[in-house]
Amino acid sequence: MRARSNSARCSKRHYGYVSLASSSPWEAAADAPEGKRRGVVYTIAPSPLRAPLLWVGTDDGLVYTTSNDGGAWTNVTPPEITPWTKVVMIDASHFDPNEAYVAAERHQLEDYEPHIWRTKDSGKTWQPITRGLPAGVYVQTVKEDPVRRGLLFCGTERGVFVSFDDGDSWQSLQLNLPPSSMRDLQVKGTDLIVATHGRGFWVLDDITPLRQMDAKAMAAPAYLFAPAAAVMTPVPSEQGTPLPKDEPFAENPPYGAPIDYYINGQASGPVTIEVLNGGGTVLRRVSSDDPPVTPDPASLQIQTVWAPGTTPISAAQGLHRWVWDFRPTPAAGRGGRGRGAGAGGGGGGRGRGAALPPGSYTVRLTVNGQTYTQPLSVKPDPRGGV
């Protein structure tokens with residue numbers, strides 16, 4: 001997997017601020033004199049399961065919830081949250097209306113430690129969930145994946161982290177993200193979107209393997225993740241003059257169907273991936289033994305940076321991704337690309353032949369003589385372009 005920047009400018013997102021009047025019910029819990037509190041609602045989390053259920057957090061250390069659209073509010077502030085703590089993010093669970101996650105930070109009070117709490121009983125009790133997060137780096141946001149229960153993401157002042165066990169433990173998901181303040185996260189479809197303060201928007205394309213990753217998969221000699229349905233959008237091309245590199249534009253997501261696989265240890269022989277049709281015919285085959293392909297600069301009418309070569313799929317230990325560009329295995333020598341065209345992708349498909357039609361396919365991974373298969377659905381462009 002890889003992350004890609006979606007902006008050349010800084011980005012900052014907050015929920016709307018709502019000033020609290022002196023008659024607000026949570027003011028009684030403040031340490032300030034009556035009528036002197038100047039806090040604001042800093043985060044609002046509507047429940048995706050119950051429309052009247054809301055959670056709110058203030059920038060002066062209070063968490064409240066309502067089950068009747070604000071008709072009545074209950075103070076459910078975690079006991080560890082002291083006055084003037086900024087509750088930066090609340091996320092209501094997508095699976096249980098009694099569950100929610102709270103992220104807070106206190107750096108203006110010279111407390112730089114990470115603070116995240118989880119409740120499973122509507123705020124009656126809270127558990128801190130920060131094991132694995134770096135000490136001395138405060139948290140800006142926490143979000144739950146809407147598809148896999150227990151899959152959480154959090155953003156700190158320096159990076160992004162992931163938890164597969166509902167926050168009991170965390171590990172880095174930094175990849176190629178620059179160290180920056182990760183102010184907000186959003187899961188959109190199969191992508192994880194990161195809004196930073198100073199380094200633009202970033203997108204982690206296709207978190208499907210994160211949703212399927214578990215102890216069984218990681219203990220197997222090899223594992224082929226079930227790919228998400230791919231959409232056959234129009235083929236990218238290089239018509240016209242490519243934009244200069246100093247223009248503020250971002251890299252597009254990879255064109256094709258991402259295929260993710262895991263190898264537990266070094267493979268003893270070539271690793272192959274094949275795409276088969278419904279009749280079992282192999283339409284595309286790539287191997288870790290395929291030679292890399294480097295375009296000949298003399299044959300190009302554009303700079304070489306716009307015509308990257310291809311590398312074979314990996315046989316090393318770890319998690320890997322290959323993107324099938326919906327095309328069959330090219331004929332040897334066609335367009336300067338033989339069977340060594342290991343990594344599918346864009347480039348307009350010049351010399352690669354026509355794309356195969358949308359439909360149902362099978363992906364087959366072979367590692368150490370053992371085969372693993374998964375179905376792959378390729379859908380037409382919903383806009384009618386394919």
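1. Arg183 is buried, at 16% relative accessibility. In this predicted model, Arg183 forms a salt bridge with Glu157, and the closest N and O atoms are 4.0 Å apart. The two partners are distant in the chain: Arg183 belongs to strand β15 (residues 181–188), while Glu157 is in the loop between β12 and β13 (160–163). They are 26 residues apart. The cut-off for burial is under 20% relative accessible area, so Arg183 at 16% qualifies.

2. Salt bridges total 15 in the structure. Some of them share partners: Arg118, Lys120, Asp166 and Asp168 are joined into one network this way.

3. Arg149 and Glu99 deserve a look. Their side chains meet in a salt bridge, at 2.9 Å from N to O. This pair also links distant parts of the chain, 50 residues apart. Arg149 is in the loop between β11 (139–144) and β12 (152–156). Glu99 is in the loop between β7 (86–92) and β8 (100–106). Arg149 is partly exposed, with 47% relative accessibility, whereas Glu99 is buried, with a relative accessible area of 6%.

4. Another salt bridge joins Asp111 and Arg106. Here the closest N and O atoms are 3.1 Å apart. Both Asp111 and Arg106 are buried.

5. The aromatic pairs come to six. One of them is Trp55 with Trp126, an edge-to-face pair. Its rings are 6.3 Å apart centre to centre, with 80° between the planes. Trp55 lies in strand β4 (residues 54–58) and Trp126 in the loop between β9 and β10, so the pair ties together parts 71 residues apart in sequence. Trp55 and Trp126 are both buried.

6. Trp324 and Phe326 make a further pair. Their ring centres are 5.6 Å apart and their planes stand at 70°, so this pair is edge-to-face. The angle cut-off for that class is over 60 degrees. Both residues are buried. They also belong to an aromatic cluster, together with Tyr255 and Tyr361.

7. Trp324 stands out again in the largest nonpolar core. That core has 28 residues, and Trp324 and Val271 touch the most other members. Strands that each supply at least two of its residues are β18 (222–224), β19, β20 (257–263), β21 (272–276), β22, β23 (318–324), β24 and β25. Leaving out residues up to four places away in sequence, Trp324 touches Tyr255, Gly256, Ala257, Val275, Arg284, Leu356, Tyr361, Leu376 and Val378.

8. Next, a sheet. Five strands form an open sheet with mixed pairing, in the order β19-β25-β24-β21-β22. Its edge strands are β19 (230–232) and β22 (282–287), each pairing on one side only. On average, neighbouring strands are turned by 25° against each other, direction ignored.

9. Within that sheet, β24 (residues 359–367) and β25 (residues 370–380) pair in the antiparallel sense, over nine bridges. Tyr361 stands opposite Leu376 in β25. Tyr361 and Leu376 are both among the contacts of Trp324. Tyr361 is also one of the members of the aromatic cluster.

10. Most residues other than glycine have a negative phi. Ser122 is found in the loop between β9 (111–119) and β10 (127–128). Its relative accessible area is 23%, so Ser122 is partly exposed.

11. Asp206 is the other case. Its phi is near 65°, positive in a residue other than glycine. Asp206 is placed in the loop between β17 (201–204) and α1 (208–212). Is Asp206 buried or exposed? Asp206 counts as buried, at 6% relative accessibility.

How values were computed. Residues numbered from 1 in each chain as written. Heavy atoms only, no water. Helix = DSSP H or I, 4+ residues; strand = E, 2+ residues; numbered from the N terminus. Buried < 20%, exposed > 50% of the residue type's maximum accessible area, 1.4 Å probe, protein only. Phe/Tyr/Trp six-rings, centres within 6.5 Å; stacked < 30°, edge-to-face > 60°. Pairing = 2+ DSSP bridges. Axes fitted to C-alpha atoms, helices over the stretch in contact; angles between N-to-C directions. Core = buried A, V, L, I, M, F, W, Y, C linked by side-chain atoms within 4.5 Å. Contact = heavy atoms within 4.5 Å.
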